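Subject: Handover of the structure, with notes

Dear colleague,

I am passing the structure below on to you, and my notes on it follow. Please read them with the model open beside you.

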Amino acid sequence: MPKPEPKLITFEIDGREVQAPEGMMLVDAARLGDVEIPFFCYEPKLGAPVGACRMCLVEIEGMPKLQTSCSTPVKDGMVVSTTSERVKQAQNAVVEFLLVNHPLDCPVCDKGGECPLQDISYGWGAGRSRFIEPKRHFEKPVALSPLIAIDRERCILCYRCVRFSQEIAEDYQLVFLERGDHTFVGTHDGHPYVAPFSGNIVELCPVGALTSQAYRFRARPWDIEDAGSICTLCPSQCNVKYTTRDDTRVLRVLARDNQGVDDGWLCDKGRFGYQAIHAPERVTQPLVRDGGALRPVSWERALSEAARALARAGGRSAAIVGGQATNEEGFLVQHLMREVLGSPHVDSRPSGVLDPAQARALARPDLTAAVPDIEWAGAVLVLDTELVDEMPILDLRVRKGVRRNGVRLVVATSRPSSLDPNARAVVRFTPGAGEAFLAALGAALGDGRGLDELAGRAGASPEAVRAAADALRDAGPVVVVWGERLSGGERGRQAVARLLDLARTLELAGTEGAGLLEVPRGTNARGLREVGCLPNLAPGLADAAAAGKSAGEIAAAVPEEISALLLVHADPLSSHPDRGAWERALDRAGSVIAFADFLTPGLEEHATVVFPSESEAEKDGTMTHPDGRVQRVRQAIARPPEVLPNWQVLAELCERIGKPAGVVSGPAVFERIVASVPFYEGLTLAELGGKGVRWQERDGAGRVPESTLPEGGLEEPPPLEAADLRLGTAPSLWSGPVVEHSPILRFLLADQRVELSVEDGERLGVSTGDEVAVTVGGASVRGVARLRSDVPPGSVFLVEGTQSENATALTNGRPRAVKVARAAREVTPA
Amino acid sequence: MADQTRVLLDDIDEPGLHTIEVYERLGGYQALRKALTTMEPDEIVAELQASGLRGRGGAGFSMGQKASFMPKGTMDKYLCCNADESEPGTFKDRLLMQKNPHRLIEGIVIAAVAAGANRAFIYIRGEYVLQADILNAAVAEARARGYVGANILGSGHDVDLVVHRGAGAYICGEETALLDSLEGKRGNPRLKPPFPANQGLFRGPTLINNVETLSNVPIVIAKGAEWFKQRGTEKSTGTKVVSVSGNVQRPGNYEIELGIPAREIVYGLAGGPPPGRKVKCWFPGGSSAPVLLEEDLDRPYSFESMAEAGSMLGSGAIIVVDDSVPIVSLALRVARFYRHESCGKCVPCREGTNWTVKMLERIDRGEATPMDIEILDQVQQNIMGNCLCVLGDSMAMPVRSMIAKFKDEFIAHNERAREAADRLAVGAGLSSEPVDAAA
Ligand SMILES: Cc1cc2nc3c(=O)[nH]c(=O)nc-3n(C[C@H](O)[C@H](O)[C@H](O)COP(=O)(O)O)c2cc1C
Ligand code: SF4
Ligand code: SF4
Ligand code: FES
């Protein structure tokens with residue numbers, strides 16, 4: 001559905017003439033004339049208004065009854081009063097009714113001081129209470145979930161939380177039970193409301209009925225301050241507000257609605273993961289391995305030891321940059337490697353080499369979709385990614401597009417997706433066969449020749465591929481949301497070639513609102529790529545002077561060609577394929593120098609120097625969203641006394657090795673980046689401001705190095721090798737250090753689970769709940785079996801990034817045929 | 001005894017009328033045949049409009065006009081027959097469905113064809129188990145004869161018909177709550193607009209009509225608008241099945257020509273209150289209609305005259321209250337019903353109904369002050385016109401009318417109850433008041 005273009009009209013409100021876009025709801029249009037209309041249930045983010053609270057009643061000339069301004073679109077010539085006697089009487093009445101059953105326990109309510117019910121009672125109520133009857137009572141508060149407490153006495157039944165669950169997250173868990181004044185919010189059967197986005201309801205609630213278990217009673221509004229930044233926990237890079245106290249603690253994370261990024265929502269990891277900042281396990285001092293163990297040391301000692309080790313290794317150094325590194329950090333790391341140490345080996349991609357020409361093609365502004373395009377596209381293809389785990393907030397965008405604007409959704413993944421029920425067409429292909437799927441899709445979009453054969457190579461049903469093609473054909477602008485996984489491994493280059501070919505077929509380049517949107521593994525993967533953290537690409541996606549080794553090649557080259565490893569926010573043991581190779585590499589490397597906020601088992605065992613990292617709330621810098629929006633990460637609280645900014649440590653290392661980087665501040669590093677990345681030209685931190693800037697929308701956009709899309713000449717995808725069970729892996733939203741170290745989230749921590757089709761389960765004598773071992777080439781991962789009717793037979797799925805039994809033990813960038821068998825329950829020694 | 005004017009209830013006593021054989025023998029389904037073979041959908045709508053037939057479910061909106069709001073186009077369109085009949089005092093639809101289900105089915109199919117609807121539902125209140133069974137059997141018969149289903153009578157029109165039982169909520173009779181309930185959701189009214197004609201069931205255009213309204217359709221089509229209009233008044237055409245209940249000697253359903261004096265119904269047909277009793281007040285259109293007094297019985301019983309009297313004809317259910325009933329008990333009875341049935345979605349109704357009940361209970365116990373009666377009245381005003389649907393008003397209007405017409409009785413009731421309570425307390429030695437003061 002194309003985005004409508006509203007025209008301006010003039011209407012009168014409380015005696016003033018106001019201009020507003022036609023069709024805007026009166027309650028919003030009034031604000032354009034500085035008239036405030038009180039409301040509770042209205043929240044356009046939640047979809048169509050429901051008209052439940054009746055707070056927004058106004059008088060409109062020519063209409064006999066008062067009208068709800070939240071649901072009345074403004075029209076030219078409308079004459080509106082929000083202050084007439086009738087309106088005042090209605091406002092007084094609604095406030096009075098709302099307080100009839102409200103406990104008025106403001107002095108002990110978290111919401112007190114930032115409560116719309118307080119504000120509106122004060123502003124629009126009659127200021128007296130005539131209700132002397134007994135009030136309704138509920139047990140209070142009770143746990144709606146481990147994250148959220150509910151106080152049903154305070155609830156004004158505004159529908160917001162229920163609408164969120166039903167119409168935004170579509171988890172359909174929250175409902176109203178009973179009716180009349182006995183109505184209350186709950187779940188079917190009273191089970192806890194656990195869902196990836198549940199925390200948003202706390203922020204939506206206009207009263208203190210829903211409170212965060214983590215924030216309850218921690219502060220009052222006059223104790224706290226807001227600090228805007230972005231969440232750095234996944235590539236969604238949602239805009240957030242940290243609620244801070246005394247400049248030293250983060251007490252809460254709230255959304256900072258940016259339509260271009262997050263639409264005002266956060267996932268529960270982003271909302272509650274701040275607890276890890278203050279976890280006692282955090283690394284807050286420099287550490288050096290001494291007598292086999294890491295011990296706290298002075299900065300002087302850590303710096304000199306690291307500098308000495310790196311200088312000694314020189315060109316035999318290599319850097320692995322994790323996705324949470326800022327552009328500034330990434331830029332300095334590649335500078336340190338290339339310019340200071342003379343080593344070309346720097347990589348920020350866990351999934352293998354990205355062809356430089358392809359990287360440039362993927363960066364073409366005319367090929368890149370912006371996040372809001374998802375909402376207004378004709379069709380969206382979700383390809384080889386599970387959004388809710390990998391870029392959660394996009395999951396909500398896709399749902400919104402489908403629900404509100406009739407976007408045709410096509411889901412093409414190996415693992416069943418939570419978006420399947422919303423899709424017009426669903427294709428399942430064998431793990432790792434994205435290339436063959438794209439070839440088959442190409443055939444289906446073209447003359448159909450070879451479709452059956454190609455679908456067979458993808459392990460997909462030709463009918464499903466055809467249905468996908470039908471949904472995409474003539475749909476209007478298409479947005480392809482594709483996972484980095486597609487481009488990984490041995491045949492990643494061929495898969496990207498197919499992706500670019502699809503872009504050509506669907507004419508993404510020439511179509512407004514169409515394009516590709518990558519879902520990378522790392523939060524700042526795009527920024528790191530653009531500032532030069534790939535082995536074959538210098539800043540600005542220019543060819544690197546000397547091609548370096550990719551992450552996988554680095555691991556293989558230790559110790560013969562590489563002796564020092566610099567791990568910046570990265571522990572390849574948990575994030576990179578081929579864990580065995582990395583274990584050997586870390587074991588044999590002469591020095592392993594890490595920037596880290598937590599000691600993962602890999603670092604604990606192998607790091608020789610650890611620099612404590614700033615937490616996301618303590619750093620300043622920039623990141624680049626997968627759609628090209630350069631955003632600021634801003635410091636909200638003071639660093640712990642012994643933590644230094646990472647950029648400063650990196651600059652210090654350059655200096656100590658003898659080649660000063662010449663930067664004296666974080667902003668100075670940003671200036672260097674802008675000078676080195678031609679298409680960032682002209683960007684300033686001030687301009688990025690609160691909402692960021694998509695570089696594609698700036699003059700510098702024209703300075704992306706030229707690249708063309710492939711015209712034919714595509715390789716045939718290989719046939720599927722015979723295999724009993726093929727391994728697919730997928731990250732979980734609930735894995736990683738942030739979940740491990742936030743006490744409130746720990747109950748969600750992902751354990752290894754082995755997803756199998758029911759058929760395979762029966763064949764192997766495995767039932768849901770059994771402990772099984774998945775084995776290939778001598779390596780084995782154990783987990784709890786889960787039989788799913790929607791998993792296609794022949795595939796088995798493991799979680800990547802679990803604390804133990806990580807799937808990376810079995811992956812190596814090639815299709816893997818695995819064996820699954822019941823494992824004897826291991827008795828873990830206490 | 002006064003006479004009824006039987007049109008709808010014409011053959012109602014015919015044994016076996018609920019079977020298709022008997023219905024057809026008495027000329028049933030001829031209107032459908034006529035409509036399908038000799039009329040275009042637009043003409044059916046025009047005929048309905050010309051007949052002046054007004055909705056019998058409560059609001060009294062022109063049936064033909066509502067049908068004319070249905071958009072053209074080939075999308076799925078719906079017709080919902082509102083058989084939720086839950087308004088206290090109303091039991092006419094039950095009779096029509098139980099005795100003459102085929103007339104309703106015939107009306108539904110004609111109306112559906114007129115409105116271009118290809119899917120029809122009868123949403124029947126859960127307690128009407130017998131009637132639902134009868135309807136289901138009748139629908140099966142009609143389907144077997146080709147009156148329901150695909151390509152009806154070879155006309156190319158498809159109308160599928162499903163009987164759906166509600167789950168016991170009065171609010172599901174409100175048309176948009178009915179739609180939500182039918183969709184499998186919690187039955188809560190929706191905000192209007194969009195009106196059902198534009199976006200109703202499953203977001204498709206939907207026509208909603210009451211059982212009695214739809215049962216009139218075959219009559220209008222068979223006999224013509226002109227014939228139909230000969231009965232009733234200019235603005236209230238035709239006949240009406242009136243459910244009379246309360247303090248009358250012969251409660252029941254009576255079919256009358258609209259516009260006859262209400263007294264003829266209450267006294268002539270229903271026999272008036274028991275001997276020695278007088279009419280204290282009466283509800284002309286279900287318990288949500290403001291009460292009228294004895295002298296209003298001389299008004300013509302029509303939509304316009306009841307509105308003029310400050311009340312409404314509503315569903316056409318007359319509840320008679322005689323002078324043995326304390327007005328506070330009556331108000332409490334009404335308020336309790338609506339509090340119990342409020343869906344809870346909008347604030348004034350949810351909180352206003354429960355507040356009203358609590359205040360009335362206090363008045364009943366003698367714990368109120370005259371100021372409370374003022375507040376009670378203001379609360380009703382604060383509900384009226386401010387709710388999402390009219391359930392809130394359905395309590396506020398009658399309660400307010402009772403306060404307006406019987407205010408002194410409210411005050412006296414409270415006084416009397418207080419004195420009685422005091423006496424009891426003194427008797428039990430519980431009062432703090434000096435004993436001689438109570439003497
Ligand atoms: C609370 C409430 C309950 C209602 N219950 C019924 C009902 O049980 N039966 C009915 O026909 N109409 C009922 N109505 C009226 C319907 O909303 C609607 O106006 C009617 O079904 C339209 O049909 P008609 O035009 O044929 O009268 C109710 C309305 C409200 C507000
Ligand atoms: S809990 Fe809060 S958001 Fe949910 S209905 Fe009640 S007041 Fe509204
Ligand atoms: S008026 Fe009552 S029944 Fe109607 S929507 Fe409001 S709460 Fe529900
Ligand atoms: S804001 Fe309009 S009814 Fe609630």
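The domain bounds used in this email come from an automatic or database domain assignment, and the model itself is a predicted one. For chain A that assignment gives domain 1 (8-83), domain 2 (287-350 + 524-703), domain 3 (357-519) and domain 4 (725-822). Taken over C-alpha atoms, the centres of domain 1 of chain A and domain 3 of chain A are separated by 41 Å.

The ligands

Let me begin with ligand 1, which has 22 residues around it, those that come nearest being Gly55(B), Gly57(B), Gly173(B), Asn210(B) and Thr213(B). By class, the shell around ligand 1 holds 7 nonpolar, 9 polar and 6 charged residues.

Around ligand 2 there are 14 residues, of which Cys155(A), Cys158(A), Cys161(A), Cys205(A) and Ala209(A) come nearest. The shell around ligand 2 divides by class into 13 nonpolar residues, no polar ones and 1 charged residue.

Ligand 3 is surrounded by 14 residues, and the closest of these are Cys346(B), Cys349(B), Cys387(B), Cys389(B) and Leu391(B). Two or more residues of the shell around ligand 3 come from each of helix 14 and helix 16 (391-427) of chain B. In the shell around ligand 3, 9 residues are nonpolar, 3 are polar and 2 are charged.

The nonpolar cores

The largest nonpolar core has 386 residues, and Ala440(A) and Cys81(B) touch the most other members of it. Helix 6 of chain B, residues 101-115, gives the most to this core, with 10 residues. Apart from it lies another core, of 19 residues, which includes Leu725(A), Val774(A), Phe797(A) and Val799(A). To return to Ala440(A), and leaving aside residues up to four places away in sequence, this residue touches Leu451(A), Leu454(A), Ala455(A), Ala458(A), Ala460(A) and Val465(A).

A sheet in chain A

In chain A, 3 strands form an open sheet in the order 6-7-10, and their pairing is antiparallel. Strand 6 (142-143) and strand 10 (210-212) of chain A are the edge strands, each pairing on one side only. Strand 7 of chain A, residues 148-150, pairs with strand 10 of chain A over 3 bridges in the antiparallel sense, and Ala149(A) stands opposite Thr211(A) in strand 10 of chain A.

Backbone points to look at

Most residues other than glycine have a negative phi, and most peptide bonds are trans. With that background, the following places may deserve a look.

The peptide bond from Val558(A) to Pro559(A) is cis, with omega near 0 degrees, and Pro559(A) lies in the loop between helix 18 (551-557) and strand 25 (564-568) of chain A.

Asp34(A), although not a glycine, has a positive phi of about 60 degrees, and its place is in the loop between helix 1 (26-32) and strand 3 (57-60) of chain A. Is Asp34(A) buried or exposed? A residue counts as exposed if 12 or fewer other C-beta atoms lie within 10 Å of its own, and Asp34(A), with 10 C-beta neighbours inside 10 Å, therefore counts as exposed.

Tyr172(A), which is not a glycine either, has a positive phi of about 55 degrees, and this residue sits in the loop between helix 4 (160-168) and strand 8 (174-177) of chain A. Because Tyr172(A) has 12 C-beta neighbours inside 10 Å, it counts as exposed.

With best regards

Definitions and conventions:
Residues are numbered from 1 along each chain as its sequence is written. Chains are lettered from A and ligands numbered from 1 in the order in which they are written. This is a predicted model: local features need pLDDT of at least 70, side-chain atom pairs count only at pLDDT 80 or more; totals for chains, interfaces and linings use all residues. A residue is near a molecule or strand if its C-beta atom, placed from the backbone, lies within 6 Å of it. Ala, Val, Leu, Ile, Met, Phe, Trp, Tyr, Cys and Pro count as nonpolar, Asp, Glu, Lys and Arg as charged, and the others, Gly among them, as polar. A nonpolar core is a set of buried Ala, Val, Leu, Ile, Met, Phe, Trp, Tyr and Cys residues joined through C-beta atoms within 7 Å. A residue is buried if 20 or more other C-beta atoms lie within 10 Å of its own, exposed if 12 or fewer, and partly exposed in between; C-beta atoms are placed from the backbone. Helices (H or I, at least four residues) and strands (E, at least two) are DSSP runs, numbered from the N terminus. Two residues are in contact if their C-beta atoms, placed from the backbone, lie within 7 Å. Two strands pair if DSSP finds at least two bridges between them.
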